[in-house]
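Please open the model in a viewer and keep the sequence panel at hand. The stops below are arranged as a series of selections.

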Amino acid sequence: MSNLPNPFISPSGKKPNCMEMLQLILDGQATADQSEYFKTHMDHCMPCFKSYQLDMSIKELLRTKCCGGDAPSELVNKIKSQIAQNI
Amino acid sequence: MEIEDAPNQHYSDLEKGEIFNNEFLPHIHSMYNFGYRLTLDRDDAKDLVQDTYFKAFRFIESFQRGTNAKAWLFRILKNSFINDYRKKVKEPNKVDYQEVETYYNSEDVDRQITQDLRVDALKDMIGDEISNALNALDVDFRTVIILCDLEGFKYEEMAKILDIPIGTVRSRLHRARQLLKEKLSEYAKSMGYKNT
Ligand SMILES: [Zn+2]
């Protein structure tokens, strides 16, 4: 928006579109400046705001539902004892 | 990072034990989850993880202490999966990268899918929907979601783990997110959510 320098602009001067900005945010690649800029951008860009809400909810759901617990202790013990024998 | 590299460190047995216990073993739960998400089978995941840790120990002198052990281990596991496991199972899934590029450039599709799926539908997905949706993705797409969203790896790390350029990591992640949303909106529809 207006006067803020856009931290997403690449050294070659190419201005990224909404989707490209959103992806950097989602992928955890955005700098602090870029995250800040994107927050302001979402205030006046409804598609970005909606996509961001949805994509972040999915990411959160993945983290809580798909990090399926611990490795079986029998596996951990087997690996430990095998290595101990080889040292 | 290259496991095939000639060993360039020299460690005493004591040091080897320390590296193994302090730098390798703490990642075993993430490794097991990765193995499971790749093979979709608990026993295969165990074999894959065990195999990876034995390899890591055998090649421990290729590992530089204090560097990114997690990425190094993930790379070994992924290579074992491709070389040993995938050959055995013969999964017919070559990703069409031309399609990926075209897809990446079409913004309209995103908006459409976004409208199809709403945040409140996700809130009701308290069962296995998200896990099933993830598992239903082609393994190449599944992998980037796991590395990025579950494990928090950066583009550069993913590029090294997967032996692909960063641009490919990005476009694959983009496509994977879209496919995941398509699966989730199918679930949402079957749960009675309307697309309006
Ligand atoms: Zn926007």
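A polar contact is a pair of N or O atoms within 3.5 Å; within protein, one atom must be able to donate a hydrogen and the other to accept it, and residues adjacent in sequence count only if both atoms are side-chain atoms. The model is a predicted one, in which local features need pLDDT of at least 70 and side-chain atom pairs count only at pLDDT 80 or more, while totals for chains, interfaces and linings use all residues. Residues are numbered from 1 along each chain as its sequence is written, chains are lettered from A and ligands numbered from 1 in the order in which they are written, and side-chain values use heavy atoms, with hydrogens and water left out.

**The two domains of chain B**

Begin by colouring residues 1-91 of chain B as domain 1 and residues 117-196 as domain 2; these bounds come from an automatic or database domain assignment. The C-alpha centres of the two domains of chain B lie 25 Å apart. Next, select the residues in contact (heavy atoms within 4.5 Å): 18 residues of domain 1 of chain B meet 17 residues of domain 2 of chain B. About 1500 Å² is buried between these domains, and carbon and sulfur atoms give 54% of that area. Buried area here is the accessible area (1.4 Å probe) that two parts lose on being put together, summed over both.

Across this interface of domain 1 and domain 2 of chain B, the rule finds eleven residue pairs in polar contact, both residues at pLDDT 80 or more. On the side of domain 1 of chain B that touches domain 2, the elements giving two or more residues are helix 2 (28-39) and helix 4 of chain B. Helices (H or I, at least four residues) are DSSP runs, numbered from the N terminus. Helix 4 of chain B contributes the largest share of that side, eight residues. By class, the residues of that side of domain 1 of chain B are eight nonpolar, four polar and six charged. Nonpolar covers Ala, Val, Leu, Ile, Met, Phe, Trp, Tyr, Cys and Pro; charged covers Asp, Glu, Lys and Arg; the others, Gly among them, count as polar.

**Salt bridges in chain B**

How many salt bridges does the rule find across the interface of domain 1 and domain 2 of chain B? There are three, a salt bridge being a side-chain nitrogen of Lys or Arg within 4 Å of a carboxyl oxygen of Asp or Glu. Select B:D163 and B:K78, whose salt bridge has its closest N and O atoms 3.2 Å apart.

Then select B:E151 and B:K70, which form a salt bridge at 2.8 Å, N to O. B:E151 lies in the loop between helix 9 and helix 10 (155-162) of chain B and B:K70 in helix 4 (residues 69-89) of chain B, so the pair ties together parts that are 81 residues apart in sequence. B:E151 is buried at 13% relative accessible area, and B:K70 is buried at 17%. Buried means under 20% relative accessible area, exposed over 50%, and partly exposed in between (1.4 Å probe, protein chains only).

**Between the chains, and into chain A**

Move to B:D149 and A:K59, a salt bridge with closest N and O atoms 3.0 Å apart. This pair crosses between chains, from helix 9 (residues 139-150) of chain B to helix 3 (residues 46-65) of chain A. Both B:D149 and A:K59 are buried.

Finally, select A:E60 and A:R63, joined by a salt bridge at 3.3 Å between the closest N and O atoms. A:E60 and A:R63 are three residues apart in helix 3 of chain A, and therefore separated by about one helical turn.
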